[in-house]
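Dear colleague,

Please find the structure below for your records. A summary of the findings follows it.

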Amino acid sequence: MLKTIQRLQQENEQLREIIANETPELPEIHETQGQLRSAFFSIDDDVYVFDKAHRLLTSNIKPEKTGLLITRHEQCYGRLFTDIFPAPFASKLEIALAHRSKTEEIQQFEYCLQDYQVSFYFKISINDRQDAAGRYAGFTMVVRDMTEEKIAAKKIIDSEKRYRSVVENVREVIFQTDRQGHWSFLNPAWREISGYDIYDSLERPLTDFVHTTEKKLLEKLIEDMICGKRHTVRREVRFVNRQQQIIWMDMFVKAYLDDNGEVAGMSGALSDITQRKKAEQTVHESRQWLESINKNIKEAILRVDHQQGLVYSNCAFADMFGYGQEGHPVSLSALFAQEADLRVCTKVLAKQTAFTNKIILFRRKDGSTFWGLSSFMLVVDENGHTFYDGAVRDITDRKEAEQKLKEKNQELIKINEELDRFVYSASHDLRAPLASTLGLINISRFAPSSQEQGQYLDLMEQSLNRMDKLIQDLTDYSRNARLEIETEEIDFDTILKDVLQRLKYIKTIDQVKINTRITAEEVFYSDKIRIYVILINLISNALKYHKYDLANPQINIDITINDRQAVIAVADNGIGIEKGYLDKIFTMFFQVTRDSIGSGLGLYIAKETINKLRGTIKVKSVVSKGSTFTVTLPNAKTYSYDQD
Amino acid sequence: MTKIKKVLVIDDDPINNIIFEKLSDITGFAEQITACLSAVDGLDHLQNLQKNGEEAPAMIFLDIRMPIVNGWEFLQRFEKIKTPYFDNTLVYMLTSSSDQSDVNKAKNFGTVSDYIVKPLSVEVLEGIKERQLTQAH
């Protein structure tokens, strides 16, 4: 027996050697087994191995843990699964096993373990084990702790819910588009803001809803985002709502990428800023308006602070008062030329808080003064700070115009008085010869002889001639005053001939020798009718006041012409004019002596006509020796009557 | 027919003096008419009469519009030199001006008795004479 054991031991030894020598794979198998074992104990999932009778063979549960077991795992080996798991789990496992036997698929189920208030989630997989012969040898159960995953998933769901609620309730439009920029998502705010139905809007291009002026630009921006040139766009965009009104939107868009890193579309938000924009626009407009007023009005506008002086002024102020645009700290007293004005103004403002259209003499920076029409107002801000707000209009021009008007008015009064005198004298002088004629008619009725009647007729003729002369003179006077100057080449010879022809009715004309001398360097241009009027009055005057008892009565007419002027001298050797009358002879209706043919207007008309032609007349006279009238007239060939 | 003794006519238009003299002839108005062609001449004449102790004229017929010294200025000067010697001398304005302002102006001169607008007629002259004679008696 012992020999047998020894032999068996020897054989075993031999076998071992054989095995050791002949099967070199064995150590590898051993190694593989070790590796599997190590892996088995290191995986996170709990693995339970059961035998054919569903008793726990082994598990990888770590010593300090129990897993799903109701007690420490060392005490569970060899026991039935129904005894080592909590009853609800055991029954679930039982169902799964029953299922498993029918379908031969890997069975999976989930299990939630409630431990006090905490839930633990597990995912269980069970699979059959087979022996080498392929017979059923029990099953393996893998339990994965899903608690963390479950909590994460729940969190995602919760956050998704929250997100959805946010997306659906926010006032901002939240959207998504596809690669083409067509809406793929819009939240209800879109409908609120735009008035468009969400489902009608979806799949339409975002740019369809944008105001035409911005469409192009926005299309370009979207294109850039799709090409990847840009990742975000933030700008204020005008959309058009269903009522065709403009809605300003603050738009934020971001490109989003697909799994391959390609741009899949855009997502973003639109917030309605129409109200803000409108307010901004109103502010902008009123600012522009103020700016425009500031620049364009001619009134100086200023705000003066009691302590700081000038705190605001416009462009017109700078121009009007001669201060730069910087707005120097000018006190109100520096602007007022008269201290009394300032005193009165501040008093009025303190009492009534405002005054309008007061004419005040202001002082510029350089010390010069000007008249300003001004309105001021006392303003107190919420801090109790006092300002003077004022507007000043420079009325120097108006003042000057007023002054001119006053002068013109004075002139008119003078002219009017002159005219009154003129009308009085003229009407009187027109009536005088008429009254004489009527008187003559009266007495001629009583004239016994035709000789006497003839005498009266001669006297009537004389009277009527005088009247005729006066009427002619009045016509000349009015023509000169009324008509514009018309210049032409003057032929003095012809004019003088006409004049003398006209004066033929003066009976004494034949007794006087009239010499004329014309020296012309140049052609003379002037107003022909006026030259005629001047000459006829001067010559008839010379004829009237002649001493016909004197030997050799004569009148010398001397005319000298150059390119600038004509000098006309009419000299007589007649009675002359007393010194005391020399300054009166050119006044209206002035007569030194009674003359039957004079109107008292001749020299006045001559002087007026010369004035009109911008010439001069001078007179030299010695009593009993004669007078010389010298007239100088500009040559219209070089002189322009338009200048003034 | 009683005539007014002395009359002075001051008018720068000799035609008016001719008319006056003729009408005086026709109506038997005055015995003696002196015509002066200027106010200055008229004043000289009056002063000469006084100086020579001659009778003062009963009437002066005075034109207004005359050269150098007009009718108004004559009246001013006349009032200055007026003495009791001229107490019975009446001044008549004889003018072609029918201007109311001239009529009023004449009224303001105490020396002016009446204002006659030319042309002078037989009727007017007779009226003046009649009034003068009835007042004198």
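**Findings**

In chain A, Ala520(A) faces Ile561(A), a residue of strand 19 of that chain. The model is a predicted one, in which local features need pLDDT of at least 70 and side-chain atom pairs count only at pLDDT 80 or more, while totals for chains, interfaces and linings use all residues. Residues are numbered from 1 along each chain as its sequence is written, and chains are lettered from A and ligands numbered from 1 in the order in which they are written.

Strand 17 and strand 19 (residues 554-561) of chain A pair in the parallel sense over 8 bridges; pairing requires that DSSP find at least two bridges between the strands. Strand 17 (residues 513-520) of chain A has 8 residues, and the count of buried ones is 0. A residue is buried if 20 or more other C-beta atoms, placed from the backbone, lie within 10 Å of its own.

Chain A comprises 17 helices and 22 strands; these are DSSP runs, helices being H or I of at least four residues and strands E of at least two, numbered from the N terminus. Of its 644 residues, 23% are buried.

In helix 1 of chain B, the buried residues include Ile15(B), Phe20(B) and Leu23(B). Gly28(B), with a positive phi near 60 degrees, follows helix 1 of chain B.

The contact between the chains takes 20 residues from chain B and 19 residues from chain A, where contact means C-beta atoms, placed from the backbone, within 7 Å.

Yours sincerely

Conventions:
Two residues are in contact if their C-beta atoms, placed from the backbone, lie within 7 Å. A residue is buried if 20 or more other C-beta atoms lie within 10 Å of its own, exposed if 12 or fewer, and partly exposed in between; C-beta atoms are placed from the backbone.
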